[in-house]
Each structure stands twice: as structure tokens, then as C-alpha cells.
Amino acid sequence: MKLAGDDFQGTERFAVRRRLGTGGVGAVYEAYDRERAETVALKTLRWQDPTAIYRLKKEFRSLSDVAHPNLVSLYELVAEADTWFYTMELVDGVDFLAHVRPDLQGQPEAARARSHPGPAPDIPRLRAALSQLVAGVLALHRAGILHRDLKPSNVLVTRAGRVVILDFGVAAVVAPASRRQTEEGLWGTAAYMAPEEGDGQRSPAGDWYAVGVMLYESLTGRLPFLGSALKIMAEKTQQDPPSPSELVPGLPADLVDLCRGLLLRDPAHRPGDAELRQRSRAGHPTAGAGLARGPWLAPLVGRARELAELRDAFALVKSGPAVALYVHGPSGIGKSALVRQFVDALEQEGAALVLSGRCYERESVPYKALDGVIDSLSRHLMALPRAQVDAVLPREVAALTRLFSVLLRVEAFGDARVGEREPGDPLELRRRGFASLRELFTRLSARAPVVVFIDDLQWADQDSIALLEDL
């Protein structure tokens with residue numbers, strides 16, 4: 001495999017045909033998947049550093065369990081040599097704004113932020129596309145996911161009129177605050193970001209604000225606020241944009257009212273999921289149809305005995321020995337919910353360091369059962385003061401960071417690796433990497449009990465099993 005800047009050459013399995021687009025950190029290609037015998041879209045990174053790899057994995061996994069006609073279908077996450085990428089459905093279409101405003105077709109997105117309004121849009125086409133856009137965002141929210149970067153270029157419309165939401169590079173899971181969560185900074189596109197997002201607030205209302213900006217742009221042909229990113233974010237907190245009807249006479253009152261409601265500065269006053277679901281289905285009874293599966297689980301009932309067994313095992317761990325528990329049973333019986341309730345309680349009590357991961361069937365990555373756990377570990381270590389990280393560092397880290405490069409997100413690992421020779425023999429590299437990870441877990445568990453939760457272990461590869469046995 002070869003990766004040089006934006007010139008991705010493909011792999012033995014994937015034959016690259018052409019580049020479809022390039023973003024800040026990634027590039028998307030049209031490629032032929034010889035194994036599946038079909039044409040796919042392939043997203044890879046412009047540079048393969050640990051933070052970019054972490055975000056690519058997070059992007060893929062955030063949508064791996066969500067299926068909806070208005071969301072792009074993701075296929076497979078692949079790591080080959082030192083290159084990471086994933087494949088997805090190839091959507092042939094134009095961006096949302098070009099679809100509803102034919103006068104803008106062919107213009108680059110950067111040239112559309114004009115100060116004067118354009119002609120009225122194709123209203124019937126806008127209504128049909130908007131209802132599907134709302135349905136797709138609702139599907140994300142039902143799955144507990146925020147998109148956080150909705151804009152015309154991330155929403156394509158096919159020739160048949162199907163709206164497809166793309167690019168979940170900054171998507172976030174809406175979940176209760178965790179002791180291991182860290183703030184990962186401000187991401188998104190200023191013109192479409194909600195005012196409160198400048199202060200780091202994240203909620204479904206932020207996605208709806210972005211939909212409001214897209215609707216405003218569709219109705220008027222211009223953005224509600226213009227200028228630099230700092231100027232735009234400042235103005236959003238201080239004033240409302242002109243009403244679309246002031247710029248373009250004769251616009252439908254209901255669309256103008258919806259647009260103004262979505263762009264309210266106070267997120268609590270914007271229309272919410274329930275109201276938008278009802279509005280989007282008016283005249284479009286199938287809007288919102290489709291499957292949306294996600295991380296939210298039904299309340300746990302009648303599992304007192306199993307929870308007690310988990311508690312007993314944890315009590316044994318606190319007295320010294322390591323304990324492995326295998327939770328099994330028919331699909332859908334509530335295994336994940338059972339363990340999640342147990343580990344969430346441990347976190348809320350501050351009783352243990354919980355490192356959670358999941359083994360995905362549609363991933364071809366090294367040590368796939370442990371990969372998510374190590375991502376969780378990197379988040380935990382990044383949240384610690386440097387002195388505490390130094391105290392748990394293994395004596396050798398080169399082999400470990402070779403097996404799990406995401407640990408190089410932690411500054412102390414990068415510093416410790418300087419000057420250390422990496423084993424040239426693959427078997428010796430693996431042996432030292434295993435030993436280093438075992439030492440790291442030993443030092444962590446000397447400070448507090450450590451609980452590792454791996455969901456869907458049945459998809460584990462042989463290397464993962466070997467590493468788990470070694471640990």
C-alpha cells in the first residue's frame with residue numbers, strides 16, 4: 001500500500017478509480033472492492049497520525065449500528081500495514097443546496113456565501129428534501145448520536161431524490177458524563193454551528209440549528225451570518241439574522257417560521273425532536289421511516305442474581321486475583337445491558353477504572369477485541385496529570401505503541417519512546433508488546449481496581465485471544 005499526501009493508491013483488495021473529495025484530515029475515493037465485487041466509497045486519512053486514526057475509528061463506530069435510508073451505509077473498517085480507512089456506500093448525487101437551488105449548481109461551496117439574496121428556491125423540491133433531512137437527523141438522535149457538522153456538502157441528494165447524510169468525523173455520542181471522558185476541543189464549521197457550541201455545549205439542539213442554517217440558505221441563497229469564523233460566532237450570540245421573508249418576498253410562511261425557530265439563540269426555545277418529527281411527517285407520512293438502532297438499551301428487569309454474581313467477582317478482584325467472566329446467552333436477551341449497568345454503577349461510585357470496548361464483525365484491524373479498550377485507556381491517560389501517567393508507564397513502550405499507535409496520543413508515551421529501539425523480529429515485537437501492556441495494567445491496578453469490558457467477544461480474532469490470555 002502507498003499513501004503519499006492525497007495520492008492514495010489503493011490496496012490489493014481495493015482498486016482506486018478516482019478521488020471524490022478532500023477535507024481537512026481525510027480524503028474520499030471511488031474504489032472497486034474485489035472481494036465484494038462492487039464499487040464503494042473509501043475514506044482514508046491524509047496523514048496517519050494517532051489522533052487522526054482515533055477519530056477515523058470513532059467516526060466509523062459511531063454509525064456502525066445505525067441503519068436508515070437517509071444515512072449513508074458504512075461497510076468495513078480496515079487497517080493494513082500503517083494505513084487506516086473505511087468503506088461505505090457510494091452515493092451519486094449533488095449537495096443539498098445545489099439540489100434545492102438549481103441556480104447554484106456547479107458553483108463551489110466557498111463561492112456561495114454571498115451577501116445578497118438570490119432568486120426563490122424550488123419550494124416543492126425543498127419540502128421533499130427537508131423532510132428527509134429531518135428524518136435522517138431524527139434517526140441519529142434516536143440512536144444517541146449528534147452529527148455536529150451538518151452542512152450542504154455533508155448532505156447529498158441522488159437523482160431519484162433520496163437525501164443521504166454523510167461525514168460523521170466529529171459525531172459524538174450523547175451519554176451521561178463519564179469519569180474517563182475528556183474534552184476533545186471545538187470541531188465543526190462556524191457558519192453552521194449553534195451559538196452555544198462556541199462554549200463547548202453539545203446537544204441535539206445544535207444539530208437543529210445547523211438544519212436551520214441550511215434552510216435559511218435554501219430559502220434566501222445566502223448564509224445568515226458572513227465573515228470570519230470568529231466574527232460569525234460572535235454575531236450569533238448577540239443578534240438574530242434578518243428574517244428570510246425580509247430578503248426574499250413571497251416565501252411560504254410555514255418554512256419561514258420553522259427556519260426562524262431553528263435559529264433561535266436559546267437552544268431551549270428551538271423546536272425539539274418530537275415537534276420536528278411531527279412537522280416533517282405532515283404531508284410526508286413515510287418521513288422518518290426506517291431502522292435506527294443505537295447504543296440505548298431498555299431498562300434492565302429481573303437480573304438481580306446475575307448482577308450479584310458480577311458484584312461477587314468484583315469483590316474477589318479487590319482482594320488480589322484477576323477474574324475473567326464470560327457472559328453468554330441468546331441474542332437480544334440483554335447481555336450488554338446487564339454488564340453496562342454493572343460497570344456504569346462502578347464508575348458512578350468511583351470504585352474502579354472501567355475500560356470498555358467492543359469487537360465489531362465488520363472490522364479488519366489488528367487485535368480487534370482490544371482495540372476499543374486501548375482507545376478507552378488512551379482517553380483515561382490523557383485526562384490524568386503528567387506525573388500520574390509517568391508513574392504507570394511501563395519500562396519499555398516502543399513495542400506497545402507499535403501494536404497500538406493510539407497510545408502515542410498520550411504525550412508521555414511519545415517522550416518515553418524517544419531513543420528506544422523497536423524490535424525488528426515480529427515475534428519479539430509481539431512478546432515485548434504483550435509484556436509492556438501487562439505491566440501497564442499491573443501498575444494501573446495497583447492504584448485502583450481495573451475492569452475491562454469487551455462487548456461482542458464472539459467476533460474476536462486469534463491475536464486478540466492470545467493477548468487476552470497473556471494478560
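Helix axes here are lines fitted to C-alpha atoms over the stretch in contact, and angles between N-to-C directions run from 0 to 180 degrees. The model on screen is predicted.

**Stop 1: the helix pair.** Select residues 123–142, helix α3, and residues 204–220, helix α4. The two helices pack at an angle of about 170 degrees. Their axes lie 11 Å apart. Angles over 145 degrees count as roughly antiparallel, so α3 and α4 are roughly antiparallel to each other.

**Stop 2: the contact.** Show side chains on both helices. On the α3 side, pick I123, L126, L130, L133, V134, V137, L138 and H141. They meet P204, D207, W208, V211, M214, L215, S218 and L219 of α4. Colour this contact by class: 13 residues are nonpolar, two are polar and one is charged.

**Stop 3: the sheet.** Now move to the strands. Three of them form an open sheet in the order β8-β10-β11, with antiparallel pairing. Which strands are at the edges? Select 93–95 for β8 and 163–165 for β11; each of these edge strands pairs on one side only. From one strand to the next, the twist averages 35 degrees.

**Stop 4: β10 against β11.** Select residues 155–158, strand β10. Three bridges join β10 to β11, and the two strands run antiparallel. Click V155, then find its bridge partner in β11, I165.

**Stop 5: back to α3.** Keep β10 and β11 in view and bring α3 back. Helix α3 lies across both strands, β10 and β11. Relative to β11, α3 runs at about 35 degrees.

Note on methods. Residues are numbered from 1 along each chain as its sequence is written. This is a predicted model: local features need pLDDT of at least 70, side-chain atom pairs count only at pLDDT 80 or more; totals for chains, interfaces and linings use all residues. Side-chain values use heavy atoms; hydrogens and water are left out. Helices (H or I, at least four residues) and strands (E, at least two) are DSSP runs, numbered from the N terminus. Angles under 35 degrees count as roughly parallel, over 145 as roughly antiparallel, 65 to 115 as roughly perpendicular and the rest as oblique. Contact means heavy atoms within 4.5 Å. Ala, Val, Leu, Ile, Met, Phe, Trp, Tyr, Cys and Pro count as nonpolar, Asp, Glu, Lys and Arg as charged, and the others, Gly among them, as polar. Two strands pair if DSSP finds at least two bridges between them.
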